[in-house]
Amino acid sequence: MPFDFVVVGPFQDRATGELRPIVSDNPTVLTDAAFAYIWLGLFLKAEPIAERAVELNPNSAFNCSVCGHVLAIVGRKDEGIKLTRKAFLLSPRDPLEYMFHLYEGSALFFTDDLRAAQRALEHSLRLKPDLMFPRMFLAAIFEKEGRTEDAQLQLKRIIDFGSGDAIKNIFRPRPEGTLWPSLTEPIRRVYDGDVPSPLGA
């Protein structure tokens, strides 16, 4: 089943494919909706939804982690890091700990603290080696540092795991006013090198 359908399907009008307005005071529904908007690259629309989820349930580690990830992408970096780290305090032995490390790493990436970001992302992979997004962020870090072969290896691992479509997804058209290009541009440069591009570039 396409990941687009799994993530976005519950919030789409089946006749038109358009996203329905999110009308809910259920923080779990709101965080799921924010995640769908994130997958589609609609970060500015995800921002208030994710914040509302945290407002309604500030003690949910997952809500805090997702919201922190979004805030960092839209430039609210300090707030984003604070929320991603709050997730660990709220639920230090959470089954989703691997995701908390991923979102902490992504928030640190958007602040240009690449060493700390790398540590968090690698911790995420130690907990769940088949994750795709930590490897994308690591690829961008390595390319920024001039370690093109290491960046290519991360992307190759994603493709080998059968998740090449996830790489395509990060290049969806996205609105201005976010820090997302700091992730996509290094990866685009790697595609221009020797890595066979899933984008057909």
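Within what distance do the axes of helix 3 and helix 4 come, and at roughly what angle do they cross? The axes of helix 3 (residues 43-56) and helix 4 come within 9 Å and cross at roughly 145 degrees. Axes here are lines fitted to C-alpha atoms, for helices over the stretch in contact, and angles run from 0 to 180 degrees between N-to-C directions.

## Basis of the report

This is a predicted model, in which local features need pLDDT of at least 70 and side-chain atom pairs count only at pLDDT 80 or more, while totals for chains, interfaces and linings use all residues. Residues are numbered from 1 along each chain as its sequence is written, and side-chain values use heavy atoms, with hydrogens and water left out.

## The chain as a whole

The chain contains 11 helices and 0 strands. Both are DSSP runs numbered from the N terminus: helices are H or I with at least four residues, and strands are E with at least two.

Of the 201 residues, 50% count as buried. Buried means under 20% relative accessible area, exposed means over 50%, and partly exposed lies in between (1.4 Å probe, protein chains only). Among contacts in the chain with a separation of 6 or more, 55% come from residues 24 or more positions apart; a contact means heavy atoms within 4.5 Å.

## Helix 3 against helix 4

The crossing of helix 3 and helix 4 is left-handed. A crossing is left-handed if the near helix is turned anticlockwise from the far one by less than a right angle, and right-handed if clockwise.

On the helix 3 side, the residues that meet helix 4 include Phe 43, Ala 46 and Val 54, and on the helix 4 side they include Cys 64, Cys 67 and Leu 71. By class, this contact has 10 nonpolar, 1 polar and 2 charged residues. Ala, Val, Leu, Ile, Met, Phe, Trp, Tyr, Cys and Pro count as nonpolar, Asp, Glu, Lys and Arg as charged, and the others, Gly among them, as polar.

## Helix 2 against helix 4

The axes of helix 2 and helix 4 (residues 61-73) come within 10 Å and cross at roughly 30 degrees. The two helices are therefore roughly parallel to each other. Angles under 35 degrees count as roughly parallel, over 145 as roughly antiparallel, 65 to 115 as roughly perpendicular and the rest as oblique. The crossing of helix 2 and helix 4 is left-handed.

Pro 27, Thr 31 and Ile 38 in helix 2 meet Phe 62, Asn 63, Val 66, His 69 and Val 70 in helix 4. This contact has 5 nonpolar, 3 polar and no charged residues.

## Residues in the loops

Asp 25 lies in the loop between helix 1 (3-8) and helix 2 (27-39), and counts as exposed because its relative accessibility is 54%. Beyond residues up to four places away in sequence, Asp 25 touches Arg 52 and Leu 56. The side chains of Asp 25 and Arg 52 are joined by a polar contact of 3.0 Å. A polar contact is a pair of N or O atoms within 3.5 Å; within protein, one must be able to donate a hydrogen and the other to accept it, and residues adjacent in sequence count only if both atoms are side-chain atoms. Asp 25 and Leu 56 are 31 residues apart in sequence, with 7.5 Å from C-alpha to C-alpha.

Ser 60 occupies the loop between helix 3 and helix 4. Ser 60 counts as buried because its relative accessibility is 15%, and its side chain reaches the backbone nitrogen of Asn 63 at 3.1 Å.
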